[in-house]
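User: Hi! Could you walk me through how the inside of this protein is packed?
Analyst: Happy to! Let's look at it together, one question at a time.

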Amino acid sequence: MAGKSTISITFKLDGDGNGFKNLANDANGFKKALNSTLSEAQKFNAKAINFAAISVGINQASSSINQLMGTLSGLTEGYQNAKQAQTQLVTVMRQRMDASDAEIESINGVIKAQTELGVIGGTVQKRGAQQVATFLTQKSSLETLIPAMNNLIAQQKGLNATEEDAYSVANLMGKAMQGQTSALSRVGITFTASQEQVMKYGDESQRAAMLSQIITDNVGNMNAELGKTDIGKQKQLENKLAAIKNQIGGVAQAAMPYLSAAANVTMLAANATNAAAA
C-alpha cells in the first residue's frame, strides 16, 4: 500500500543572517498583497451584484414601456383611422362646397345623431359621406342624403357594415345623383318614371330629396329599425365604446413619441449596464 507522501520546500539562504529578515519581509508583503487582492475582489463582486440589480430594473422598465406602447398602438390605430375619415370629409366639403367650419360641424352633428339612433358607426358614415360629397356642391344635399345612405348601408350589409361597404353604396348614390338611375337597380332599388325624371333633370336639391325618398320607399328607416333590436343596441354600445377608444387614442398618439424616446433610453441604459457588469 502506498504511504503518504510529503513534499518539503527548503529555502537556501545565501549571504549573512539578514536573509532571514528578507524572507520574513517578503512573506509579509505577500500576505498584504493577497489580502489586498481578496478585498478588491469582494468589492468587485459587490459592484457586479449592484450592476445585475440595476440591469434587471432597467429591463423591467423597458418591458413595461414596450407593453404600454403595444397597448397604445391598438388605440392609436383606431384614432388614426377616424382622423383620416374626418380629414377626407372636411377636405372634400371644402373643395366641393366651399364649406365653412360651421357647415362641417353641422354634418358631424348629423352623423353623430345617426350613430346614436342606428347601427352604422361614425367612421363608416364619414367614409361614405365624403364619397357622396364628391358628387355634390351643396352642404344641404349631403345633409339630406346621409340618413338615406345609412338606411341603404344597413339594408345591404346590416350590423357588420365596413367603410368599404359605405364607400360602395355612396358611389352608387353619387352616380344616381348624376342621372345614372340604373346604378340603383343593381342593389334592388326601384323607382317610378316620374321619379326618374326628377333624378335626371331636377336641380341638386330636388335630386337629393328625391333620391332620399326613393331609398326610403324601398328599404324604410332600416338604420333606426335595426338600432331598436337587442343586437342593434349592442352594436350601438360597441360604437360608443369605439368612439371613447378613439378619444383615448388621440391622447395616446400625442404620448407615443415620448414613450418611444423612453424605450430607446432604457435600451441604451440596459446595454451600458450590461457592458459595465461584464
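**Inside the core**

Analyst: In this predicted model, the largest nonpolar core has 43 residues, and those with the most contacts inside it are Met93, Leu142, Leu145, Met173 and Leu211.

User: Which helix supplies the largest share of this core?
Analyst: Several helices take part: α1 (18-97), α2, α3 (122-133), α4 (139-157), α5 (163-177) and α8 (204-219) each give at least two residues. The largest share is eight residues, and the helix they come from is α4.

User: Is isoleucine 107 buried or exposed?
Analyst: Start with its place in the chain: isoleucine 107 sits in helix α2, which covers residues 101-117. Its relative accessible area is 0%, and buried means under 20%, so isoleucine 107 is buried.

User: What distance separates the C-alpha atoms of isoleucine 107 and leucine 142?
Analyst: Leaving aside neighbours within four places in sequence, isoleucine 107 is in contact with Leu89, Met93, Lys139, Leu142, Glu143 and Ile146. Leucine 142 is therefore among the contacts of isoleucine 107, where contact means heavy atoms within 4.5 Å. Along the chain these two residues are 35 residues apart, and their C-alpha atoms are separated by 7.9 Å.

User: Does glutamine 114 count as buried or exposed?
Analyst: Glutamine 114 also belongs to helix α2. Apart from neighbours within four places in sequence, glutamine 114 is in contact with Gln125, Ile146, Pro147, Asn150 and Asn223. Its relative accessibility is 10%, and the cut-off is under 20%, so glutamine 114 counts as buried.

Key:
Residues are numbered from 1 along each chain as its sequence is written. This is a predicted model: local features need pLDDT of at least 70, side-chain atom pairs count only at pLDDT 80 or more; totals for chains, interfaces and linings use all residues. Side-chain values use heavy atoms; hydrogens and water are left out. Helices (H or I, at least four residues) and strands (E, at least two) are DSSP runs, numbered from the N terminus. Buried means under 20% relative accessible area, exposed over 50%, partly exposed in between (1.4 Å probe, protein chains only). A nonpolar core is a set of buried Ala, Val, Leu, Ile, Met, Phe, Trp, Tyr and Cys residues joined through side-chain atoms within 4.5 Å.
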